[in-house]
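Welcome! Here is a short briefing to read alongside the structure, grouped by topic.

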Amino acid sequence: MAEMLKKGAKVISKKGVNYLLGNDGKPQVFKPWLGDSFSFLYDCIMMKFIFPKKFGGNMGKHLDILCRELKDVHGKRVLELATGSGSAVNFLHADNSYTGTDISPGLLTKAVNRFRSVGFDQAEFYVTDAECLPFEDASFDVCICILSLNFFDDLYKVLKEVKRVITTCSVFICAVPVPERNTLGSTIRGKIHSEEELMKIFSENGFTFERIPCENGSLLYFRAHKV
């Protein structure tokens, strides 16, 4: 899948993770919200702390919702923003061509192992910022972003990049906490937008916006189509 890279983009690969090289010839480095030295705790933190105590939701229900939403996605070129430790193996069919991105090499290393263990033959992983994706225009049919949209500094830049790298009428599927569903009153990190604000932002960036009808704590599930 290296042909999807922008012309002139250079990478080196270590343990299945691709690192983009900067102008100085060195791998680009980012600062993850959870330091790489703690990446081995990520799944435990999500399961035992973030979901029940921050989101007031259920991880099993979360995966069921995504399984239903992506059940008909087969043989597609799928891009994931903020792959994390590779939870997409729980709801994405292995016959898809998958490209995972994240700013954490530690989490991507975990994702590589998870994807390999379930038989994904076409899966690549890149350490990169969602605001500046290293891929050619119209390289993907589906984009997903699960529980990470609130961590992007500039959502407008991210959506501009997503619109550029997906094909016409492609779908962007997302799950994100919203304040109006936060009945626990918990503090959730990042830039939290309401559903109304998200609808406006997506519309301003050339996407339709459709809520997926389901309830799971503070999480909003939605799909957006490039128009």
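A salt bridge is counted when a side-chain nitrogen of Lys or Arg lies within 4 Å of a carboxyl oxygen of Asp or Glu. The model is predicted, with local features needing pLDDT of at least 70, side-chain atom pairs counting only at pLDDT 80 or more, and totals for chains, interfaces and linings using all residues. Residues are numbered from 1 along each chain as its sequence is written, and side-chain values use heavy atoms, leaving out hydrogens and water.

**The sheet**

- Helices (H or I, at least four residues) and strands (E, at least two) are DSSP runs, numbered from the N terminus.
- Two strands pair if DSSP finds at least two bridges between them.
- The open sheet has 9 strands in the order β1-β2-β5-β4-β3-β6-β7-β9-β8, and its pairing is mixed.
- Each of β1 (11-14) and β8 (210-211) has a single partner strand and stands at an edge, so one side of each has no neighbour in the sheet.
- β1 pairs with strand β2 (residues 17-20) in the antiparallel sense, over 4 bridges.
- Within this pairing, K14 stands opposite V17 in β2.

**Helices on the sheet**

- Contact here means heavy atoms within 4.5 Å, while axes are lines fitted to C-alpha atoms (for helices, over the stretch in contact) and angles run from 0 to 180 degrees between N-to-C directions.
- Helix α4 (residues 155-165) lies across β3 (77-81), β6 (140-146) and β7 (166-177), and runs at about 145° to β7.
- Helix α5 (residues 195-204) also packs on the sheet, where it touches β7, β8 and β9 (219-225), and its direction makes about 15° with that of β9.

**Aromatic rings**

- Rings of Phe, Tyr and Trp (its six-membered ring) pair if their centres lie within 6.5 Å; planes under 30 degrees apart count as stacked, over 60 as edge-to-face and the rest as tilted.
- The whole structure has 13 aromatic pairs.
- Why is the pair of Y98 and F125 called tilted? Their ring centres are 5.7 Å apart and the planes stand at 50°, so the pair is tilted.
- This pair links distant parts of the chain, with Y98 in strand β4 (residues 97-102) and F125 in strand β5 (residues 123-127), 27 residues apart.
- Buried means under 20% relative accessible area, exposed over 50%, and partly exposed in between (1.4 Å probe, protein chains only).
- Y98 is buried at 0%, and F125 is buried at 2%.
- One aromatic cluster is formed by F172, F202, F207, F209 and F222.
- A charge sits over a ring if NZ of Lys or CZ of Arg is within 6 Å of the ring centre and within 35 degrees of the ring normal.
- The charged end of K14 sits over the ring of Y19, 5.9 Å from its centre.

**Salt bridges**

- The structure holds 11 salt bridges.
- In helix α4, R164 and E161 are 3 residues apart, about one turn of the helix, and their side chains form a salt bridge (3.0 Å, N to O).
- R164 is partly exposed at 21% relative accessibility, whereas E161 is buried at 11%.
- R223 and E210 also meet in a salt bridge (3.0 Å, N to O).
- R223 is in strand β9 and E210 in strand β8, so this pair ties together parts 13 residues apart in sequence.
- D72 and K71 meet in a salt bridge of 3.2 Å, N to O; D72 is exposed at 60% and K71 partly exposed at 46%.
- D43, K110 and R114 are linked in a salt-bridge network.
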